[in-house]
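Please have a look at the sequence and the structure first.

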Amino acid sequence: MQILCDECAYFEYDEDDEQYYCSVNMDEDDYAKVLGESFKVCPYFRDGDEYKVVRHQM
């Protein structure tokens, strides 16, 4: 499974811990499925590219 966390809109920086975290609100079972590779791609991935729509319109 390929998880592109760096490009995900839910990948946020926590200034208190000085680390990046996935901010998706998921329960333990969902997290285990994502780590256990039950999914081909992360079901919570959202492209953080703000200009994707603009490039599509061109």
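Let me begin with Arg-46, which touches Glu-7, Cys-8, Ala-9 and Tyr-10 when residues up to four places away in sequence are not counted, a contact being heavy atoms within 4.5 Å. This is a predicted model, in which local features need pLDDT of at least 70 and side-chain atom pairs count only at pLDDT 80 or more, while totals for chains, interfaces and linings use all residues. Residues are numbered from 1 along each chain as its sequence is written, and side-chain values use heavy atoms, with hydrogens and water left out.

Arg-46 is partly exposed at 44% relative accessibility, where buried means under 20% relative accessible area, exposed over 50%, and partly exposed in between, with a 1.4 Å probe and protein chains only.

Turning to Cys-8, one of the residues that Arg-46 touches, we find it buried at 13% relative accessibility. How many disulfides does a search of the whole structure find? The search finds zero, taking a disulfide as a pair of cysteine sulfur atoms within 2.5 Å; for Cys-8, the nearest cysteine sulfur is that of Cys-22, 5.7 Å away.

Now to the rings. The structure holds two aromatic pairs, and in one of them the rings of Phe-11 and Tyr-20 have centres 5.2 Å apart and planes at 15 degrees, so that pair is stacked. Rings of Phe, Tyr and Trp (its six-membered ring) pair if their centres lie within 6.5 Å, with planes under 30 degrees apart counting as stacked, over 60 as edge-to-face and the rest as tilted. Phe-11, Tyr-13 and Tyr-20 form one aromatic cluster.
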